[in-house]
Amino acid sequence: MERGMKKAQVVIVGGGPAGLCAAIEAAGAGARVVIIDENNSPGGQLFKQIHKFFGSFEHKAGMRGCTIGARLLEETKSLGVEVILNAPVYGLFKHEGGMVVSYAQDGREKAILGEKLILATGAGENALAFPGGTLPGVMGAGCAQTMINVNRVLPGKRIVMVGSGNVGLIVAYQLLQAGARVLALIEAAPYIGGYGVHASKIRRAGTPILVGHTITRAIGKAQVESVEITGLDENFQALAGTARVLEADTVCVAVGLSPLTELAWMAGCDFTWIPQLGGHIPIHNENMETTIAGVYAAGDITGSEEASTAMEEGRLAGIAAAEALGLAAGRTKEMKLEIWARMNALRTGPFGQRRFEAKTQLLGSARKAAQ
Amino acid sequence: MSVPETAKDGIKFTGIASREELAACPGITTGERFEKGPVAVIECVQEIPCNPCEHACSSGAIVVGQPITRLPVLDGAKCIGCGACLAFCPGLAIFLVHKNYTDTSSLVEFPYEYLPLPAEGSLVPCGGRDGDFIAEGKVVKVKQTRQNDGTALIVVEIPKEYFMDIRTICRKETYHGQG
Ligand SMILES: Cc1cc2nc3c(=O)[nH]c(=O)nc-3n(C[C@H](O)[C@H](O)[C@H](O)COP(=O)(O)OP(=O)(O)OC[C@H]3O[C@@H](n4cnc5c(N)ncnc54)[C@H](O)[C@@H]3O)c2cc1C
Ligand code: SF4
Ligand code: SF4
């Protein structure tokens, strides 16, 4: 190994809720932990989530996402976790004694050797193709959310939100709070994808939710000047006579998230395809360990869910990595079982059941892969 | 510009709990309880993984239990109408209703996370679950406490007949103003 290369027992890529919780558990067990994140502040999705979180009380629900992020951050600090920021990780190389993680910082290439590697890179927004979709004024909902909540810039005044999952519903609400008009939230499916309580908030504010509708084009010369939408039949075909034009200057697209799995591919992890979880997912076992020994995955990278489940998966990965390093003391097994019980409880009900089945399928793939 | 509503009824289709869903909702107490004084109205009708309301109520009037996806159940007999649960619900789905405030008026309290906040004593257009105007109301109180963490609670006095209908200050009216 190159002399002087930076070393850590656990290297975590991604400082969102999953990465931070992994760090808390691993460092709590005594490991030397380094988190690397490409942003200028850690917290991942949490810092733009100014709304009070749903979820369970134990997962700090009822608290605003940004406050949860700040709490987790304090905890990692007090445990002596090193956080490297503004540092995109671009390469992973198998090496004696672990994995070399290459990242860029201040325009320079750097590397660190991690005995154990935890990938907690989260998920990215899906795009939607439609005529006019490249006009300025068409953007991802998460992008609009970063603009209003982090940079305090209103992306537009008259907005059409596409997609009724929780992201679309919540960002629509936050755009209303920021002072924009949300002319309509449209959804191609015949029903609302996200939670009713979030939908009710924007309905009370006067924003219509149009299920069975899609965007057919964005119209404008140099930027979005209006938006054409149309009703759909049950086969998702445009219904004649239902097209109309809304005078919007902004289109926000919230049509799902896909796990950011590039690094897991690079590490050589085996994948499986589970559409309910967002596509290609690195196979992992009950310890969140992938098919590459010593490489773990946690949070939205294993299928987009919620911060609550991301935190639990992070904890599992952190505990398991510490255990594999021979650090964890006595109660490891019970702790892991408790986490699984809490996660399974979160994955019940009409919204959670499908994720539970998908996650069960994922663990099944791990068992198959291990044989 | 008017955008027509969809035909199907119910929270999953419109984002608004239907009459039937509200009638079956375990977070809404009985008719007699409303006669007796202020009480929480929990309009949470979908099984989602969420339970801060249960922990917010120190009177033990709200039970979600296990698994966490169960609907919150309100025990009207235990609810003392303190309103502590309102700002803790991330879904902004809990309201406080004092039906018999006077002979002709009720008080409705709801979380309101928009600026500007209305002035106490002012008259405001009040609306229903779809944000449409129902009746004018008087702002009796605007509560902003540290504990509520940025969520203002607004108490409006409204004509009694609308105590189960009015749930917000109309934002649509402001829209018309803005063109
Ligand atoms: C609008 C919206 C509302 C939400 N509301 C709720 C809610 O109310 N309740 C709830 O429980 N959940 C909510 N969530 C979901 C929650 O935010 C996510 O599930 C959670 O943040 C996922 O955590 P994570 O740690 O896996 O990923 P993230 O939070 O996305 O963090 C991943 C981090 O990794 C970094 N990264 C990625 N690739 C690299 C790389 N190559 N090099 C360096 N760094 C990298 C990213 O920049 C990021 O900082 C919401 C999400 C959105 C978008
Ligand atoms: S109003 Fe007070 S007593 Fe009633 S449910 Fe809410 S917190 Fe409990
Ligand atoms: S806190 Fe609100 S959204 Fe969550 S379960 Fe309770 S009433 Fe429903």
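Between domain 1 of chain B and domain 2 of chain B, 7 residue pairs are in polar contact, both partners at pLDDT 80 or more. The model is a predicted one. Two elements of chain B, α2 (19–23) and β4 (94–98), each give two or more residues to the side of domain 1 that touches domain 2. β4(B) provides the largest share of that side, with 5 residues. By type, this side of domain 1 of chain B splits into 13 nonpolar, 2 polar and 3 charged residues.

Salt bridges also cross this interface. The rule finds 3 of them between domain 1 of chain B and domain 2 of chain B. A salt bridge also joins the side chains of B:Arg129 and B:Glu43, at 2.9 Å from N to O.

Next, the domains themselves. Domain 1 of chain B covers 1–99, and domain 2 covers 101–179. To their contact, domain 1 of chain B gives 18 residues and domain 2 of chain B gives 20 residues. The table lists values for this pair.

| Domain 1 and domain 2 of chain B | Value |
|---|---|
| Separation of centres, over C-alpha atoms | 18 Å |
| Area buried between the domains | about 1700 Å² |
| Share of buried area on carbon and sulfur atoms | 64% |

The size of an interface is often given as the accessible area lost when the parts come together.

Now the ligand. Which residues come nearest to ligand 2? They are B:Cys57, B:Cys79, B:Cys82, B:Gly83 and B:Cys85, out of 14 residues around ligand 2. The shell around ligand 2 has 11 nonpolar residues, 3 polar residues and no charged ones.

Key:
Residues are numbered from 1 along each chain as its sequence is written. Chains are lettered from A and ligands numbered from 1 in the order in which they are written. This is a predicted model: local features need pLDDT of at least 70, side-chain atom pairs count only at pLDDT 80 or more; totals for chains, interfaces and linings use all residues. Side-chain values use heavy atoms; hydrogens and water are left out. A residue is near a molecule or strand if one of its heavy atoms lies within 4 Å of it. Ala, Val, Leu, Ile, Met, Phe, Trp, Tyr, Cys and Pro count as nonpolar, Asp, Glu, Lys and Arg as charged, and the others, Gly among them, as polar. Domain bounds come from an automatic or database domain assignment. Contact means heavy atoms within 4.5 Å. Buried area is the accessible area (1.4 Å probe) that two parts lose on being put together, summed over both. A salt bridge is a side-chain nitrogen of Lys or Arg within 4 Å of a carboxyl oxygen of Asp or Glu. A polar contact is a pair of N or O atoms within 3.5 Å; within protein, one must be able to donate a hydrogen and the other to accept it, and residues adjacent in sequence count only if both atoms are side-chain atoms. Helices (H or I, at least four residues) and strands (E, at least two) are DSSP runs, numbered from the N terminus.
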